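Subject: Structure handover

Hi,

Here is the structure I promised to pass on. Have a look at it first, and then read my notes below.

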Amino acid sequence: MSWVAVSVRADPAARDAVAAWLVRRTGHAVEERADGILVACAADPPAAEALIRDLDAHYGAAIQAWQREEPAVDWTTAWRAGLGPRRSGRLVLVPSWVTYQPEGDEVVVVLDPETAFGSGEHGSTRVALRLIEAWLKPGDTVLDLGSGSGVLAIAAAKLGAGLAVGIELDPEALPVAERNAATNGVSDRVQFLAGDAAILAPLLRPADLVVCNVLRSVNETLLPAIHQAVRPGGTAIFSGMEQAEATAFRAPLLAGGFTILREAVDDGWWGVAAERT
């Protein structure tokens, strides 16, 4: 048994759109490599060929795509390889199979991301965690849009949030997030919902803090819903974007009714905390 990786080199202006298209087309997460290449997966060579044909039809000269066959991997355990404790401010993200003794004022989040996004290995997650720690106030109501493994909602609860609600489009990620919340003893203050954040987030208002760690194109699409969801004077945190995308995101952020409070960078990934005006 094997699977086929489809690698895509996209023009910088089209990269976000291509990544979002691949997620919709395949129903799976897309790897964003440091060299700018996007990697999606297909079940077999014919499926990969069909995916590449559709890419060419949609994006033409803006992309180059090719396929390669990869050996079968048991993803139920392979995701564990190389993971260890990762620190972000006072927060320490620790895989459940690793023994860790906190020191001083460290706040430990025990995590099994499994196949859901959010292990702490990705710079965008660490940026979001640092900004949450900086702007969260005890008792705050928090919305985590694109919650994945639940890491950001759980971290918010362990830092003192009164209630953290995660919204995730992929229903398969919810049991993972719920198990992580139980492991960390915060199930009474953390909930997870499956659905479209553009619809659900305004229904859950008013939130004191909204965090959104997704692609730039999705962040921009969700700006109106986030503005509705967060209370006046509340904070929205946006992550999931490379440092080179900061300029492109600032303009719609300011036009969407937000004032920038702080920016942060980790390993080339950029995030911003903004106040709703």
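How many aromatic pairs does the structure hold? There are four aromatic pairs in it, where rings of Phe, Tyr and Trp (its six-membered ring) pair if their centres lie within 6.5 Å, and planes under 30 degrees apart count as stacked, over 60 as edge-to-face and the rest as tilted. One of them is Trp21 with Tyr59, an edge-to-face pair at 6.3 Å centre to centre with 90° between the planes. Trp21 sits in helix α1 (residues 15-26) and Tyr59 in helix α2 (residues 45-59), so this pair ties together parts that are 38 residues apart in sequence. Helices (H or I, at least four residues) and strands (E, at least two) are DSSP runs, numbered from the N terminus.

Before going on, a word on the ground rules: this is a predicted model, in which local features need pLDDT of at least 70 and side-chain atom pairs count only at pLDDT 80 or more, while totals for chains, interfaces and linings use all residues. Residues are numbered from 1 along each chain as its sequence is written, and side-chain values use heavy atoms, with hydrogens and water left out.

Back to the rings. Trp21 is buried at 9% relative accessibility (buried means under 20% relative accessible area, exposed over 50%, partly exposed in between, with a 1.4 Å probe and protein chains only). Phe249 and Trp270 also make an edge-to-face pair, 6.2 Å centre to centre and with 75° between the planes. Phe249 belongs to helix α9 (residues 246-255) and Trp270 to strand β14 (residues 269-276), so here the pair ties together parts that are 21 residues apart in sequence. Phe249 is buried at 0% relative accessibility, and Trp270 is buried at 2%. Ring pairs also link Phe238, Phe249, Phe258 and Trp270 into a cluster.

Strand β13 (residues 258-266) pairs with β14 in the antiparallel sense over eight bridges; two strands pair if DSSP finds at least two bridges between them. Glu263 has Val272 in β14 as its bridge partner. The hairpin of β13 and β14 has two residues between the strands. Asp267 lies in that loop between β13 and β14, and it has a positive phi of about 55° although it is not a glycine. At 64% relative accessibility, Asp267 is exposed.

Strand β6 (residues 91-95) runs parallel to β7, and five bridges join the two. Within this pairing, Val94 has Val110 in β7 as its bridge partner. Is strand β7 (residues 107-111) largely enclosed or largely open? Four of its five residues are buried, so β7 is largely enclosed by the rest of the structure.

The buried residues are Val151, Leu152, Ala153, Ile154, Ala155, Ala156 and Ala157. Just after α5, Gly160 takes a positive phi of about 120°.

- Val4 is in strand β1 (residues 2-10) and is buried at 1% relative accessibility. Val4 and Asp44 are 40 residues apart in sequence, yet 5.6 Å apart in space, C-alpha to C-alpha.
- The peptide bond from Arg205 to Pro206 is cis, with omega near 0°. Pro206 is in the loop between α7 (197-203) and β11 (207-213).
- The structure holds zero disulfides, a disulfide being a pair of cysteine sulfur atoms within 2.5 Å. Cys41 is partly exposed, with a relative accessible area of 28%, whereas Cys212 is buried at 0%.

Last, the second largest pocket. Its lining is made up of Ala10, Pro12, Ala13, Arg15, Asp16, Arg216, Glu242, Ala244, Glu245 and Ala248. By class, that lining has five nonpolar, no polar and five charged residues (Ala, Val, Leu, Ile, Met, Phe, Trp, Tyr, Cys and Pro count as nonpolar, Asp, Glu, Lys and Arg as charged, and the others, Gly among them, as polar). A pocket, on a 1 Å grid over the protein atoms alone, is an open set of points where a 1.4 Å probe fits, with protein on both sides within 12 Å along at least five of seven lines, and lining residues have an atom within 4 Å of a point.

Cheers
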